[in-house]
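Thank you for making time for this.

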Amino acid sequence: MDSQQNNPRISDIQAVLARPYRKSVLKVLLVITMVSGFLFAGLNIQRGNISVAVVELVMAGYSLAILCLIPRVKNLESWILAYVLPFFSAMMVALLSPSSTASVFVWSLLIPMVAHLLLGRRKGLAVSVVFIAVAVVIYFFKFRNNMVLMQPVAVANVAILTLVILALSHVYEITREQTEARLLNLAHSDPLTGLANRARLRDVFAHEKVRSQRSGTPLSLVVFDLDHFKRVNDSFGHESGDLALKHFSQLLKQSLRKTDLAVRLGGEEFCMLLMDTSPAQAMMVAEKIRLKLEQSSLEVAGGTVKLTLSAGVAGYGEDGDALEDVLRAADLRLYTAKKDGRNRVCLKEPDQVCDPFDRVDQETVT
């Protein structure tokens, strides 16, 4: 088993949380693009700049079409790209127009903000760098012979301002994502042990359930309960009890792979979710953890704490399709393990005796 436990799917949760906010931003930008497109198209027609007017009319109509479709779309990220890339491309066409003045290039300063708001820090930075580079090339191509606009001070001011806006947009998005990740970790972690909590278990189980259905791989769950834990608190105090919980949590994390999930359900009850693992294999993993705990000890103020555990094993599919059903089956087997003397792992039905090595002695643990 890998000694490090992965913290999976925080980025997936962030992506889901970002969708309503990005959809709202996209709607506002679509309305602005549509209104300004029709407005500037009219102005350019009056000036005789028909080619740019056509581009602006097409972009305005395109924005209106996307605005009508947005409430029903599922893959929002693809539709954001379908707006951003043509929008920035139309902007480049406007900059390249022979009749456009230097003031039109002010619009290119919108690129970093719009790209980061809609695409996030990585894609936003990549798109910003590409289109800003194109705008720079167009500027130097158009005004290379204009001594006023090509003065070093003027060019330096525009360049520095563009870099500042790009840097601020990127740093803001990084900070926002990091803050969101910290809040998600706090919301999905047990504050004492640092293990995942029930909310995190629910999210990961839902994700792994879909993967298990798609690939046909097994998914198993083990519920642990520390035997006679109340005696630890009564004999050594609650502070020592907390140390004992941390001690088992560390042992549990060290026994799992990166793909597995260790959870504190509450009190002295814990759980592990094992991916690509059958219930029989999960029982063998739980048995190894039981032996490790039994053979370990924890020195606390007032003496030495010796812990044992009881555990129940269940599998997705054979014990139910919902997390509640699988947890219930594992809990029933946990109670059987306690009834049969504690310090054991149970995979069988509640009315049967548990034997840690029955039914699994021919299995190989992954």
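Predicted model: local features only at pLDDT ≥ 70, side-chain atom pairs only at ≥ 80, totals over all residues.

Let me start at Asp-276, which is found in the loop between β3 (269-275) and α9 (279-295); helices (H or I, at least four residues) and strands (E, at least two) are DSSP runs, numbered from the N terminus. Residues are numbered from 1 along each chain as its sequence is written, and side-chain values use heavy atoms, with hydrogens and water left out.

Asp-276 has a positive phi of about 55° although it is not a glycine. Most residues other than glycine have a negative phi. Asp-276 is partly exposed, with a relative accessible area of 33%, where buried means under 20% relative accessible area, exposed over 50%, and partly exposed in between (1.4 Å probe, protein chains only). Asn-343 also has a positive phi without being a glycine, here of about 50°, and Asn-343 is found in the loop between α10 and β7 (345-346). At 21% relative accessibility, Asn-343 counts as partly exposed.

Let me turn to the charged side chains. Side chains of opposite charge can pair when their charged atoms come close. A salt bridge here is a side-chain nitrogen of Lys or Arg within 4 Å of a carboxyl oxygen of Asp or Glu, and by this rule the count comes to 16 salt bridges. One of them joins Arg-176 and Glu-180, whose closest N and O atoms are 3.5 Å apart; both residues lie in helix α5 (residues 152-187), four residues apart, about one turn of the helix. Arg-176 is buried, as is Glu-180, and the two belong to a network of salt bridges that also links Arg-22 and Glu-173.

Another salt bridge brings together the side chains of Asp-190 and Arg-264, at 3.3 Å from N to O. This pair links distant parts of the chain, with Asp-190 in the loop between α5 and α6 (198-215) and Arg-264 in strand β2 (residues 261-266), 74 residues apart. Both Asp-190 and Arg-264 are buried. In helix α10 (residues 323-339), Asp-325 and Arg-328 lie three residues apart, about one turn of the helix, and their side chains meet in a salt bridge of 2.9 Å, N to O. Asp-325 is partly exposed, with a relative accessible area of 31%, and Arg-328, at 48% relative accessibility, also counts as partly exposed.

Next come the aromatic rings. Rings of Phe, Tyr and Trp (its six-membered ring) pair if their centres lie within 6.5 Å, and planes under 30 degrees apart count as stacked, over 60 as edge-to-face and the rest as tilted. A search of the whole structure finds eleven aromatic pairs. Among them, Phe-40 and Trp-107 are edge-to-face, at 6.0 Å centre to centre and with 90° between the planes. That pair links distant parts of the chain, since Phe-40 is in helix α1 and Trp-107 in the loop between α3 (76-96) and α4 (110-143), 67 residues apart. Phe-40 is partly exposed, with a relative accessible area of 32%, and Trp-107 is partly exposed as well, at 40%.

The rings of Phe-224 and Phe-248 have their centres 5.8 Å apart and their planes at 70°, so this pair is also edge-to-face. Phe-224 lies in strand β1 (residues 219-226) and Phe-248 in helix α8 (residues 238-254), so the pair ties together parts that are 24 residues apart in sequence. Both of these phenylalanines, Phe-224 and Phe-248, are buried. Elsewhere, ring pairs link Tyr-83, Phe-87, Phe-88 and Phe-131 into a cluster.

I will finish with helix α2. In α2, Val-52, Ala-53, Glu-56, Met-59, Ala-60, Ser-63 and Ile-66 are buried. They cover an arc of only 155° around the axis, which puts them on the same side of α2; the arc is that of the directions from the helix axis to the C-beta atoms. On the other side of α2, Ser-51 and Val-58 are exposed.
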